[in-house]
Amino acid sequence: MNKTDRQAALEYHEFPTPGKISVTASKPLVTQRDLALAYTPGVAVACEEIVADPQNSFRYTARGNLVGVITNGTAVLGLGNIGALASKPVMEGKAVLFKKFAGIDVFDIEVTESDPDKLVDIIASLEATFGGINLEDIKAPDCFTVERKLRDRMKIPVFHDDQHGTAITVSAAFMNGLKVIGKDITKVKVVTSGAGAAALACLDLMVDLGLPLKNIWVTDIDGVVYQGRTTLMDPDKERFAQDTSARSLSDVIEGADVFLGLSAGGVLKAEMVKKMADKPLILALANPTPEIFPEVALEARPDAVLATGRSDFPNQVNNVLCFPYIFRGALDVGATTITRNMEIAAVHAIAKLAEEELNDSVAAAYGAYDLRFGPKYLIPKPFDSRLIVRIAPAVAKAAMEDGVATRPIDDFGAYTNELQQFVYHSGAFMKPIFAAAKQFVRDGGKSRIVFAEGEEERVLRAVQVIVDEKLARPILIGRPEVLLARIEKFGLRLKLGEDVEVTNPEYDERFHQYWTTYWELRCRDGISKEMARVEMRRRLTLIGAMMVRLGDADGMVCGTVGAYHDHLRFVDEAIGMHPNANTYAAMNILLLDKRTVAIVDTHVNDNPNAEQIAEFTLAAARQMEWLNLQPKVALLSRSNFGSGSSASGTKMREVLKLVTQKNPDLEIDGEMHGDCALDEALRLRILPHSKLKGAANLLVCPNVDSGNIAYNLLKTGAGSNVAVGPFLLGVNAPVNVLTSSSTVRRIINMAALTVLQANRD
């Protein structure tokens with residue numbers, strides 16, 4: 001690393017607090033009763049239950065979601081034997097990956113012990129603490145000994161990631177690489193550079209996947225592994241010894257179909273690559289310097305397909321693709337070990353995912369929008385959010401089939417839905433909505449949802465999911481040739497006219513009816529026939545709104561490009577307000593870690609009067625009830641129950657009167673500060689007889705500035721950008737105007753909600 005990057009790495013590890021991990025409590029510890037339940041005397045009850053049945057440790061403690069990442073620091077990354085203490089940053093990094101990608105908690109344990117048998121005793125004694133053990137950075141051949149003995153002694157999964165994690169990921173790249181180059185696993189010649197723990201584990205797994213042992217040629221620092229060799233040999237390496245007079249990598253590389261490098265930078269030379277078979281697959285995985293750089297290999301052999309361990313080249317082979325999800329599946333079924341079939345299941349799950357289209361999380365993380373399965377995309381990217389829902393269930397099923405699952409899963413559909421929480425934080429909230437939307441689609445209900453920005457990438461990616469999940473029957477407004485080109489570019493599978501209906505803004509036989517209807521609606525507002533024709537060609541939201549008005553669509557989602565008010569104007573002109581409404585408003589729902597909060601109005605009314613606020617407060621409360629959320633309404637102001645003389649305070653006090661008159665049963669109070677809205681204890685100290693009980697979940701702001709600021713601060717600062725909405729209140733049709741920051745998942749969510757709105761009345 002250069003000097004600047006080194007300093008950045010040090011600052012990353014030091015500030016704002018040293019290290020990368022911390023322990024946080026999962027239960028409240030605020031009151032005396034909390035303390036009594038958490039510690040004495042309440043904790044004794046949990047202890048007694050575990051004495052009665054040791055399996056209860058997975059019910060009453062964090063053990064079932066806790067992995068020990070353990071090392072003695074004898075083979076750390078590319079740093080070698082740097083010792084246990086210096087390895088700690090790496091182990092903390094591993095802990096972060098477990099938590100980030102699979103929601104698994106980790107204690108990292110660095111042990112100053114080089115004797116394998118003593119290390120085994122230390123780790124085995126920790127079985128009561130953990131649900132699984134991830135061995136890390138232990139030198140070969142000690143790592144083989146330690147893992148074997150621990151698997152014999154312990155009744156929880158023990159996984160040496162440097163061996164098996166590497167093997168699983170490499171094998172997935174190997175299998176897909178063979179598909180790309182069109183070669184049969186039983187006929188290819190494989191040459192390796194490196195014969196350490198990782199390389200031998202890779203070869204073992206590749207053999208189990210169908211690669212003949214006789215087709216493998218192993219080389220290491222001492223040359224070819226041949227029969228009769230005595231230096232640097234051990235039983236694990238002896239298995240791959242060939243009866244040959246060849247002694248160097250250069251001797252055995254000729255005619256090789258596959259090169260697997262897990263050794264040192266620069267060992268594979270261009271002249272060696274030239275001697276390989278047609279369309280060679282080169283897995284040069286040494287880090288940070290690969291055995292050969294891709295540009296050098298491709299200059300020597302333009303027909304080569306390459307993978308490295310680096311993120312700055314295509315086809316990064318990274319252990320993070322598997323180890324969090326292997327443990328997720330193993331922990332969730334209470335596996336007593338990790339079997340070979342569980343590893344093979346992970347290989348196939350990873351390999352299969354690479355053949356699917358790129359998803360939005362990968363495209364956003366890597367800025368790569370046109371990747372598809374082939375020479376430059378053999379293996380999924382580490383940030384592919386679908387990995388957990390592909391690998392964990394596959395591993396869990398294999399554990400059950402192998403008889404090592406102590407807590408089998410009965411409903412894998414429900415299990416996969418649970419795993420979605422690690423992918424989309426809105427998953428639990430949206431689950432019943434998705435189920436209802438699917439039912440309407442199956443039953444032939446109103447489910448034709450038009451997407452105004454049909455050519456936009458996020459919309460296309462969202463519609464692919466909507467089609468796959470059968471959440472709606474989508475209609476795309478877009479030029480067919482552009483749609484086809486972008487579907488191809490993004491690697492999607494949408495079929496125009498089959499999966500989706502298309503409305504072409506350049507020509508559609510219905511447009512005469514659309515523009516004449518628009519002109520009739522707006523002719524007294526300065527809209528001429530000529531203007532009506534032009535607007536109906538170029539205003540995509542206007543086209544979609546007219547489709548809804550005239551029954552060619554059941555609902556609309558728009559707003560992913562452009563300003564909110566511009567879209568709302570065309571919705572208003574073509575559809576208008578509900579007969580019982582006098583104002584529009586936008587409501588957003590934020591799914592925070594410890595609460596769900598709706599905020600209104602976030603996008604429409606600059607300075608609404610009390611009557612308008614009362615109207616959209618009642619509309620928002622009805623929307624929440626429709627979503628099975630009991631509304632608890634707080635009218636927000638910088639005044640707190642009359643403590644100030646602000647205009648907003650006066651206005652919100654008037655709102656309280658109006659709302660209470662129209663719905664006396666609604667749980668509402670105000671005007672109040674934001675902290676009083678969310679903190680019942682504080683509110684009761686100020687106003688003991690408040691009608692509002694508990695924390696408010698519908699926050700009503702006095703103007704759009706305060707609403708929008710509060711929404712964006714909460715969404716970004718506390719909500720991890722997880723929101724559902726905006727819901728357009730007051731409109732006379734199932735229409736929702738989104739914002740330009742809407743994610744693919746939010747588009748999907750709002751499409752499903754729009755289906756439900758279409759079938760609500």
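## Charges over rings

R407 lies over the face of F58, 4.2 Å from the ring centre. The charged end of K397 sits over the ring of F412, at 5.1 Å from its centre. A charge sits over a ring if NZ of Lys or CZ of Arg is within 6 Å of the ring centre and within 35 degrees of the ring normal.

## Basis of the values

This is a predicted model, in which local features need pLDDT of at least 70 and side-chain atom pairs count only at pLDDT 80 or more, whereas totals for chains, interfaces and linings use all residues. Residues are numbered from 1 along each chain as its sequence is written, and side-chain values use heavy atoms, with hydrogens and water left out.

## Aromatic pairs

The structure holds 7 aromatic pairs; rings of Phe, Tyr and Trp (its six-membered ring) pair if their centres lie within 6.5 Å, and planes under 30 degrees apart count as stacked, over 60 as edge-to-face and the rest as tilted. F107 and F130 form an edge-to-face pair, with 6.2 Å centre to centre and 75° between the planes. F107 belongs to strand β2 (residues 105-110) and F130 to the loop between α6 (116-124) and β3 (132-135), so the pair ties together parts 23 residues apart in sequence. Helices (H or I, at least four residues) and strands (E, at least two) are DSSP runs, numbered from the N terminus. F107 is partly exposed at 38% relative accessibility, while F130 is buried at 1%. Buried means under 20% relative accessible area, exposed over 50%, and partly exposed in between (1.4 Å probe, protein chains only).

F293 and F313 also form an edge-to-face pair, at 6.0 Å centre to centre and 65° between the planes. A further group, F98, F159, F323 and F327, forms one aromatic cluster.

## Nonpolar cores

The largest nonpolar core has 102 residues, and those with the most contacts inside it include I123, I133 and F174. Such a core is a set of buried Ala, Val, Leu, Ile, Met, Phe, Trp, Tyr and Cys residues joined through side-chain atoms within 4.5 Å. Apart from it lies another core, of 64 residues, among them V467 and L756.

Beyond residues up to four places away in sequence, I133 touches residues including F159 and F327, where contact means heavy atoms within 4.5 Å.

## Helix α26

Helix α26 (residues 610-626) has 17 residues and reaches 24 Å from its first C-alpha to its last, close to the 24 Å expected at 1.5 Å a residue; the expected span is 1.5 Å times one less than the number of residues. Of its 17 residues, 12 are buried, so α26 is largely enclosed by the rest of the structure. Just after α26, N628 takes a positive phi of about 65°.
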